[in-house]
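Student: I have a model open and would like to go through it. Can you walk me through the fold and the packing?

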Amino acid sequence: MARDTRDRILDAASRLFNERGFDGTSVAEVLSAAGVRSGSLYHFFPGKEALAEAVLARCADRLREALLDPAEAAATDPLERVFALLALWRRGVEQGAAGGSDPTGLLAAELAARRPAIGRLAESHAARLAARVRGWLDAAGPRLPAEVDRDELAGFVLTVVEGATSQSRAASSLEPFDRAVRQLRLLFALLEGAPLTSRAALVREAEAAPGPEPTAGDPAGWRAW
């Protein structure tokens, strides 16, 4: 029963932090969304910053099961696994109003300077993502030029998708996210040696590429994240 209450509080806080940021979310709003009294919240969390820290810790814990392992299972081609990850990420953006998105970036931007533990959690979260993407890039072997720094390319993929996520939220549209993914697919194709003249065909192929199926028991793909 206590675990269920704690999870309800974390679910509500994650959704609200994702939608409004830390400073834009009040404790009263979290209590109302979770359907609990203030005593229940303070039983688990000393204050709002501790609640934010717990939200980030849970995001990091669920990262592998909600995003990374499903992306790896969705494709055998290592580079297509990158795009399977982005397809799952897109589902999270699409389901954001229902709590599917991850508030890590927003919370880190607001709180890292005044609460170093939150900055460390956000860094750990990003490092896990980048390490798995780097592994897929390494697995592609000579398909990518030797001059390409795999660490930097993995970081670039995540930088692009995080920026596109912010733009899609601001525009209330998935189009900015989809444009960014199309350009990433084009970049990967060019790195593999595709001629620039095939750009239109590459973009059409990217638009037609199916995303991974939602994971069992998780229709939003990463709702649990």
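Student: Fine. What kind of model is this, and how many helices and strands does the protein have?

Tutor: This is a predicted model. The protein has 10 helices and 0 strands. Along the sequence the pattern reads α-α-α-α-α-α-α-α-α-α.

Student: How much of the protein is buried?

Tutor: Of the 225 residues in the protein, 45% are buried.

Student: And what share of the contacts join residues at least 24 apart?

Tutor: Counting contacts between residues at least 6 apart in sequence, 71% join residues at least 24 apart.

Student: What is the mean pLDDT of the protein?

Tutor: The mean is 83. A pLDDT of 70 or more is reached by 84% of the residues.

Student: Where is confidence lowest, and where is it highest?

Tutor: Confidence is lowest in helix H10, residues 199-208, with a mean of 60. Helix H2, residues 27-34, has the highest, at 95. Over residues 214-225 the pLDDT is below 50. In the model that stretch still has 35 contacts beyond near neighbours in sequence.

Student: Leu85 was on your list. What does Leu85 touch?

Tutor: Leaving out residues up to four places away in sequence, Leu85 touches Leu67, Leu68, Ala71, Leu129, Val133 and Trp136.

Student: Which residues make the contact?

Tutor: From H4 they are Leu67, Leu68, Pro70, Ala71, Glu72 and Ala74. From H5 they are Arg81, Ala84, Leu85, Leu88 and Trp89.

Student: And H1 with H2, how do their axes cross?

Tutor: The axes of H1 and H2 come within 8 Å and cross at roughly 125 degrees. H1 and H2 are therefore oblique to each other, and their crossing is right-handed. On the H1 side, Arg8, Ile9, Ala12, Ala13, Arg15, Leu16 and Arg20 take part. They meet Glu29, Val30, Ala33 and Ala34 in H2.

Student: What about H7 and H8, how do those axes cross?

Tutor: The H7 and H8 axes come within 8 Å, crossing at roughly 125 degrees. H7 and H8 are therefore oblique. H7 passes H8 in a right-handed crossing. Ala126, Leu129, Ala130, Val133, Arg134, Leu137 and Asp138 of H7 make the contact with Arg150, Asp151, Leu153, Ala154 and Leu158 of H8.

Student: Some single residues, then. Where is Leu191, and what does Leu191 touch?

Tutor: Leu191 is in helix H9. Not counting residues up to four places away in sequence, Leu191 touches Arg143, Leu144, Pro145, Val148 and Leu153. The C-alpha atoms of Leu191 and Pro145 are separated by 6.7 Å, with the two residues 46 apart along the chain.

Student: At the other end, is Arg3 buried or exposed?

Tutor: Arg3 counts as exposed because its relative accessibility is 65%, where the cut-off for exposed is over 50%. Arg3 is in helix H1, residues 2-20. The C-alpha atoms of Arg3 and Phe44 are separated by 9.8 Å, and the residues are 41 apart along the chain.

Student: Last one. What is the phi of Ser172, and where does Ser172 lie?

Tutor: Ser172 has a positive phi of about 50 degrees although it is not a glycine. Most residues other than glycine have a negative phi. Ser172 lies in the loop between H8 and H9. At 70% relative accessibility, Ser172 counts as exposed.

Technical notes:
Residues are numbered from 1 along each chain as its sequence is written. This is a predicted model: local features need pLDDT of at least 70, side-chain atom pairs count only at pLDDT 80 or more; totals for chains, interfaces and linings use all residues. Side-chain values use heavy atoms; hydrogens and water are left out. Contact means heavy atoms within 4.5 Å. pLDDT is the predictor's confidence in each residue, from 0 to 100. Helices (H or I, at least four residues) and strands (E, at least two) are DSSP runs, numbered from the N terminus. Buried means under 20% relative accessible area, exposed over 50%, partly exposed in between (1.4 Å probe, protein chains only). Axes are lines fitted to C-alpha atoms, for helices over the stretch in contact, and angles run from 0 to 180 degrees between N-to-C directions. Angles under 35 degrees count as roughly parallel, over 145 as roughly antiparallel, 65 to 115 as roughly perpendicular and the rest as oblique. A crossing is left-handed if the near helix is turned anticlockwise from the far one by less than a right angle, and right-handed if clockwise.
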